[in-house]
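Work through the exercises below with the sequence and the 3D view side by side. Each task is followed by a stepwise solution.

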Amino acid sequence: GRKFAFVNYESHDEAEKAIDALHMSMETGPAPDEGEGKDADGHPMNKLFVQRAMSKKERMIELKSKLPPTDNSSKTGGGVNLYIKNLDEKM
């Protein structure tokens, strides 16, 4: 399965610097075969994905924004946790 981690930063600025430095920055495995290069989110499977971690509620809001509008509305929360996927076991 996929390897992932959550990292908690003391400040929002530190988290943004980590995103800028690490997102799509590393090869985490062999290049995938043709046609298998991206996951369901469209992200390359052998690159680090580093973004602010979102609660389930926030993920649902993002998903709903990609779908036709509905009558339900919610607000997003704050935080500086990052979600990292496609980590190599050696890290």
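**Exercise 1.** State how many helices and strands the chain has, and give their order.

Solution. Step 1: count the elements, where helices (H or I, at least four residues) and strands (E, at least two) are DSSP runs numbered from the N terminus. The chain has 2 helices and 3 strands. Step 2: read them from the N terminus, which gives β-α-β-α-β. Step 3: note the source. The model is predicted: local features need pLDDT of at least 70, side-chain atom pairs count only at pLDDT 80 or more, and totals for chains, interfaces and linings use all residues. Residues are numbered from 1 along each chain as its sequence is written, and side-chain values use heavy atoms, with hydrogens and water left out.

**Exercise 2.** Describe burial, surface and contacts for the whole chain.

Solution. Step 1: apply the burial classes, in which buried means under 20% relative accessible area, exposed over 50%, and partly exposed in between (1.4 Å probe, protein chains only). Of the 91 residues, 19% count as buried. Step 2: take the accessible area, computed by the Shrake-Rupley method with a 1.4 Å probe; for residues, only the protein chains shown count as cover. The chain exposes about 7,000 Å², and 52% of this comes from carbon and sulfur atoms. Step 3: turn to contacts (heavy atoms within 4.5 Å). Among contacts with a separation of 6 or more, 67% join residues 24 or more positions apart.

**Exercise 3.** Find the salt bridges and classify the burial of their partners.

Solution. Step 1: search for a side-chain nitrogen of Lys or Arg within 4 Å of a carboxyl oxygen of Asp or Glu. Step 2: Glu58 pairs with Arg52, with the closest N and O atoms 2.8 Å apart. Glu58 is buried at 6% relative accessible area, whereas Arg52 is partly exposed at 28%. Step 3: Glu62 pairs with Lys66, the closest N and O atoms being 3.6 Å apart. Because they are 4 residues apart in helix α2, about one helical turn separates Glu62 and Lys66. Glu62 is partly exposed at 35%, and Lys66 is exposed at 62%.

**Exercise 4.** Which residues form a nonpolar patch on the surface?

Solution. Step 1: keep residues with over 30% relative accessible area and no salt bridge; like charges are joined within 9 Å, nonpolar side chains (Val, Leu, Ile, Met, Phe, Trp, Tyr) within 5 Å. Step 2: the patch consists of Met60, Leu63 and Leu67, with about 270 Å² of accessible area together.
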